[in-house]
Amino acid sequence: MLKKTADYDAIVIGAGFSGIRSLWELNQLGLTVKCFDAASEIGGTWYWNRYPGARTDCDAWIYILNFAPELIEDWDYHERCPSQEEIQRYLSRVVDRYALRKHIEFGTRIAAAHYSDSTNLWTITTVDGLSTTCRYFLPATGSLSVPKAPSFAGLDSYTGEWYQASDWPAHKVDFKGKRIAIIGTGSTGVQIVPKLAPVAKGLTLFQRTPNYVLPGRNYAIDEYQTAEIKKNHDATWELANMHPGGHALKPAGRTIKGVADADKIRQILDHGWERGCFEFSMETFDDCFLDPESNETVSEYIRQKIRAIVQDPETAELLCPKYPLGSKRSPCGHFYYETFNRPNVKLVDISQDEIALYEKGIRTGSRAEHEFDVIIFALGFDAGTGALDEIEVKGSQDKSLGNYWTERPQTFAGVLVSGFPNMFIVCGLHMPIGNQPVMLETAMNWIGQTICHMEKSNLAKINVTEKAVDSWSDHANEMWNSAFLSKHAVEHRSWFIGTNMPGRPPRVLFYFGGLPNWKSWLDSEIDSGWTNMEFTSHAVTNEA
Ligand code: NA7
């Protein structure tokens with residue numbers, strides 16, 4: 001049989017951080033490449049999440065791509081936690097710097113990706129029915145990119161404006177003097193509340209579950225700090241690569257149990273609180289997420305902070321989570337708790353109350369009616385598998401990806417799935433939980449090296465063995481199940497485990513063994529000469 005020629009060597013889906021990183025890598029390898037994205041611009045999740053107040057809570061100096069030294073020289077930082085606009089500007093700069101834009105087809109949503117055993121090619125089909133073939137298929141569709149749509153009763157009858165935070169319109173929305181409702185207290189809701197409260201006539205937050213909101217401590221970065229960041233770049237990234245969550249943080253080197261003295265513990269936590277966010281939760285004590293009693297000490301510390309900040313005791317108590325810190329992703333906020341001291345801001349507890357919309361606003365189960373001009377839904381995402389579930393992905397012998405991991409997602413370190421040859425997942429599921437740009441470098445370096453090996457060795461096909469997938473997935477499950485926080489995450493609907501989606505069974509969607517462990521799984525595969533992979537050469541394929 002003749003070797004079939006593909007339209008492109010590689011097709012990437014998604015033009016966010018991971019898609020852009022993939023495009024650069026594939027270009028470097030001299031491959032022809034095409035990228036599709038449903039949006040009209042680059043950015044991926046940072047394109048769609050244009051809601052007021054959107055910014056990362058990771059440090060700017062590790063929330064970047066790190067594939068070339070000139071990238072670091074080229075870019076000046078402006079804030080510790082860059083805003084959505086700044087991240088978009090940064091990604092645009094990268095895309096233009098390496099002339100990657102010409103490979104991207106915007107406004108194109110992919111409906112299906114089918115692998116052919118006879119040609120070893122993937123056929124990628126758009127929702128409009130146009131098909132393109134490739135040898136390598138790289139979904140870079142993200143782990144938090146499919147918003148959970150509002151399904152509240154009465155949505156159709158509501159006559160005011162409503163917006164979904166993660167599908168924010170391109171036009172400017174005028175909130176001045178409006179009565180605004182926000183539903184959702186994850187990172188998204190927590191960023192919107194303080195941003196809109198000052199301009200709103202009234203702002204009401206509907207809270208089903210309170211969150212531990214850590215102080216974000218954003219600040220402007222001046223020229224001196226920029227120079228320091230650039231000077232320390234390599235050391236910072238080395239640190240981030242050693243950290244389980246991909247943050248440039250060091251282990252505290254002490255535990256709450258080890259310190260024991262309550263005043264000393266408080267002093268250390270106070271210091272961490274001043275530095276904020278991940279430095280508070282990850283650099284004060286090393287046993288916060290490992291030991292239930294130590295966790296309770298830190299959780300109670302935050303509750304006391306909330307009670308000290310929020311003047312109305314009833315509101316303060318409602319804002320205090322009763323579950324352990326870390327059961328859900330803790331947002332880093334800016335003046336979130338302080339905002340509840342404003343006279344125009346109200347908190348409505350809906351933990352025991354189903355809500356529905358009606359013509360003028362929101363009605364709670366207890367029949368109380370609240371009128372609003374605008375409602376904002378910040379309900380979270382179908383994490384991990386959501387984006388790939390939206391595409392009909394069929395591998396060898398028509399094996400359906402969706403069916404394959406309904407009960408238990410199975411991958412090799414998040415990058416390969418058995419029975420889906422030449423499909424490399426750049427960013428989706430089973431990546432370590434934490435700062436994604438740092439994780440991406442590891443994923444894409446591995447994928448790049450593997451494709452390079454295939455090209456040099458004239459290999460047409462890579463398929464990971466089921467045995468390797470089983471042992472990785474068992475390991476990922478073990479990491480999760482051994483954490484004391486896992487049962488709390490299930491119970492409190494964390495997206496870590498997918499129970500934020502109604503009716504979904506708990507599934508291990510992320511890796512909780514940390515970046516260094518994940519990296520060592522990937523590195524040892526290459527060091528051993530890809531022993532867990534089955535390769536087929538072009539010659540064998542052509543004879544088939
Ligand atoms: P999250 O963290 O999943 O938060 C979603 C919020 O929406 C959370 O407070 C949910 O309450 C609430 N929610 C979801 N469905 C409902 C219904 N039906 N009724 C009431 N409240 C509801 O998503 P975010 O977008 O804020 O953040 C996601 C990540 O993006 C973030 O962690 C960063 O990594 C970036 P619940 O807790 O389920 O009671």
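Author: Two strands count as paired if DSSP finds at least two bridges between them. Strands (E, at least two residues) and helices (H or I, at least four) are DSSP runs, numbered from the N terminus. The model is predicted: local features need pLDDT of at least 70, side-chain atom pairs count only at pLDDT 80 or more, and totals for chains, interfaces and linings use all residues. Residue numbers start from 1 along each chain as its sequence is written.

Start with the sheet of three strands. It is open, ordered β13-β14-β15, and its pairing is antiparallel. β13 (355–358) and β15 (369–371) are the edges; each has a single partner strand, so one side of each lacks a neighbour in the sheet. Neighbouring strands here are turned by 25° against each other on average, direction ignored. Such axes are lines fitted to C-alpha atoms, for helices over the stretch in contact, with angles from 0 to 180 degrees between N-to-C directions. Look at β14 (residues 361–364): its antiparallel pairing with β15 runs over three bridges. There, R363 faces E369 of β15.

Strands of a sheet pair through backbone hydrogen bonds, either parallel or antiparallel. β8 (residues 179–183) pairs with β16 (residues 374–377) over four bridges, in the parallel sense. I182 has I376 of β16 as its bridge partner.

Now the ligand. Its shell holds 19 residues, with G184, G186, R208, T209 and G380 the closest. A residue is near a molecule if its C-beta atom, placed from the backbone, lies within 6 Å of it. Helix α5 (residues 187–196) gives the largest share of the shell, three residues. By type, the shell has seven nonpolar, nine polar and three charged residues. Nonpolar means Ala, Val, Leu, Ile, Met, Phe, Trp, Tyr, Cys and Pro; charged means Asp, Glu, Lys and Arg; the others, Gly among them, are polar.

Last, helix α11 (residues 292–309). Among its buried residues are V298, I302 and I306. Buried means 20 or more other C-beta atoms within 10 Å of its own (12 or fewer is exposed, in between is partly exposed), with C-beta atoms placed from the backbone. The cover over these buried residues includes α9 (262–275) and α12 (313–319). Contact requires C-beta atoms, placed from the backbone, within 7 Å.

Key: Two residues are in contact if their C-beta atoms, placed from the backbone, lie within 7 Å.
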